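Please brief me on this structure. I would like the sheets and the annotated positions, in short points.

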Amino acid sequence: MTPSDVKATLSFSDGSPSMDLPIYKGTVGPDVIDIRKLYGQTGKFTYDPGFLSTASCQSTITYIDGDKGELLYRGYPIEQLAVHCDYLDTCYLLLYGELPNSEQRGTFHQRVLNHTMVNEQMQFFLRGFRRDAHPMAVMTGLVGALSAFYHDSTDINNPEHREIAAIRLIAKMPTLVAMAYKYSIGQPFIYPKNDLSYAGNFMRMMFATPCEEYKVNPVIERALDRIFILHADHEQNASTSTVRLCGSSGTNPFAAIAAGVACLWGPAHGGANEACLNMLTEIQAKGGVAKVGEFMNQVKDKNSGVKLMGFGHRVYKNYDPRAKLMQETCKEVLLELGLENDPLFKLAMSLEKIALEDDYFVARKLYPNVDFYSGIVQRAIGIPVQLFTAIFALARTVGWIAQLNEMISDPEYKIGRPRQLFTGAAARTVKPVEQR
Ligand code: CMC
């Protein structure tokens with residue numbers, strides 16, 4: 001953090017002494033006012049539910065310029081990474097700060113692929129779930145359970161443990177997601193095959209059966225890999241902040257990542273891709289493009305509780321760059337699969353066009369986010385809607401670990417402990433039951 005020459009002065013209208021607050025500059029983006037000594041010096045807290053104006057940490061991993069619609073991983077624009085790198089290169093970049101050279105690339109890819117198998121006992125744990133359980137319920141359980149299977153990588157304060165846990169989590173997430181899927185449809189689990197790419201291996205574990213050879217379609221493989229890259233990290237979003245807060249207690253990495261999975265599940269966060277596809281399916285069932293106007297009226301009516309899912313973002317006040325790339329991938333996949341007339345894609349394009357010209361959306365700077373098109377791609381690939389968020393979790397795992405490891409390695413790190421503005425009853429006396 002670079003100190004700024006400018007200082008903020010906090011003054012009070014009741015004559016209490018004012019206080020100078022240091023300001024720090026990042027490489028890019030807004031400066032921050034350091035309020036760490038505020039409570040000690042004034043006895044007051046700041047109040048910022050939802051973290052609208054609060055930087056919860058310093059980080060060197062991901063930068064978003066919401067007004068420009070820019071997303072950088074370690075300084076590299078997402079558009080370049082999506083075209084020139086694969087997901088494992090992106091993982092390396094997020095974890096270690098630089099893109100790998102060819103030797104580092106080979107070693108890292110091999111290392112991850114060598115850890116794809118899960119302890120055989122995991123399948124018995126999985127078999128305890130109902131077959132119709134939501135995959136995110138299953139994933140929260142399975143990821144948390146990894147801490148019971150890999151005792152040699154649970155010490156968050158040991159850099160070697162953190163390193164092995166990182167590799168294990170990246171390697172095993174596709175295996176776990178595919179196992180959760182196979183279990184839900186009653187098919188045998190397919191073991192990983194390490195001469196395939198990360199995405200190709202996942203496709204095979206999802207869609208192969210022991211009865212037939214499985215051939216990976218390179219267009220779909222690349223599309224899936226791109227979905228993984230686009231979801232790999234997104235700075236201090238709700239699930240990442242959850243992972244950091246959970247990990248700040250010193251808990252093991254698997255437990256911290258399981259907390260991230262649980263947070264991601266919600267429809268305002270990772271669950272939006274599932275909610276978005278359900279929304280499109282519902283409009284389609286009611287009449288499709290002809291019903292878009294009616295649906296938009298509901299969205300704009302505050303009392304309806306209806307939102308245009310896949311639209312809007314806390315940080316992006318411009319087109320989400322991931323949505324643009326996802327729309328491109330969507331076209332490629334639909335073309336490859338002969339689905340270029342897919343009615344849901346047409347419906348999504350029509351909703352987007354209307355929303356981008358509508359005053360309600362324009363005034364609030366609401367643009368499509370990554371989830372608007374990702375569901376259509378995944379559905380075309382053959383991934384069931386309920387599994388969408390689990391795939392998001394698979395891809396985001398590297399971001400969560402990179403952020404967790406960054407926090408633990410920061411000498412200034414402390415357990416996270418927000419404070420509150422208490423508005424409940426002040427101290428009072430318990431009355432005997434007959435007097436209440
Ligand atoms: N449809 C209709 N109105 C919306 C929408 C939407 N999708 N998103 C925001 N608004 C309105 C909101 O009602 C509010 O209006 P007003 O100022 O009149 O009260 C205004 O826009 C500002 O919205 P907000 O809810 O205060 O914004 P937020 O930053 O708290 O919420 C959000 C961000 C992503 C939760 C919200 O835009 C949303 O619920 N979008 C739909 C769900 C979604 O697509 N989520 C995926 C996010 S991207 C993937 C990820 O990072 O997980």
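T2 stands opposite K25 in strand 2. The model is predicted: local features need pLDDT of at least 70, side-chain atom pairs count only at pLDDT 80 or more, and totals for chains, interfaces and linings use all residues. Residues are numbered from 1 along each chain as its sequence is written, and side-chain values use heavy atoms, with hydrogens and water left out.

- Strands here are DSSP runs of E, at least two residues long, and helices are runs of H or I, at least four long; both are numbered from the N terminus.
- Two strands pair if DSSP finds at least two bridges between them.
- Strands of a sheet pair through backbone hydrogen bonds, either parallel or antiparallel.
- Three strands make an open sheet in the order 1-2-3, with antiparallel pairing.
- Strand 1 (2-10) and strand 3 (32-33) each have a single partner strand, so one side of each has no neighbour in the sheet.
- Strand 1 and strand 2 (residues 19-25) run antiparallel and are joined by six bridges.

- An open sheet of three strands has the order 4-5-6, and its pairing is antiparallel.
- Its edge strands are strand 4 (62-65) and strand 6 (76-77), and each pairs on one side only.
- Strand 5 (residues 70-73) runs antiparallel to strand 6, and two bridges join them.
- L72 has P77 in strand 6 as its bridge partner.

**Annotated positions**

- UniProt, in an unreviewed entry, lists H313 and D371 under "active site".
- UniProt positions follow the numbering used here, feature names are shortened, and annotations may be inferred rather than shown by experiment.
- The two are spread over 59 residues of sequence, yet they cluster in space, with a largest C-alpha distance of 10.7 Å.

**H313**

- H313 lies in the loop between helix 13 (292-300) and helix 14 (321-336).
- H313 has 24% relative accessibility, so it counts as partly exposed.
- Buried means under 20% relative accessible area, exposed over 50%, and partly exposed in between (1.4 Å probe, protein chains only).
- Leaving aside neighbours within four places in sequence, H313 is in contact (heavy atoms within 4.5 Å) with H234, R322 and N369.
- The H313 side chain reaches the backbone nitrogen of V315 at 3.0 Å.

**D371**

- D371 is in helix 17 (residues 371-381).
- D371 counts as buried because its relative accessibility is 5%.
- Not counting residues up to four places away in sequence, D371 touches H231, H269, A272, N273, C276, G310 and F392.

Technical notes. Polar contact = N/O pair within 3.5 Å; in protein donor to acceptor, adjacent residues only side chain to side chain.
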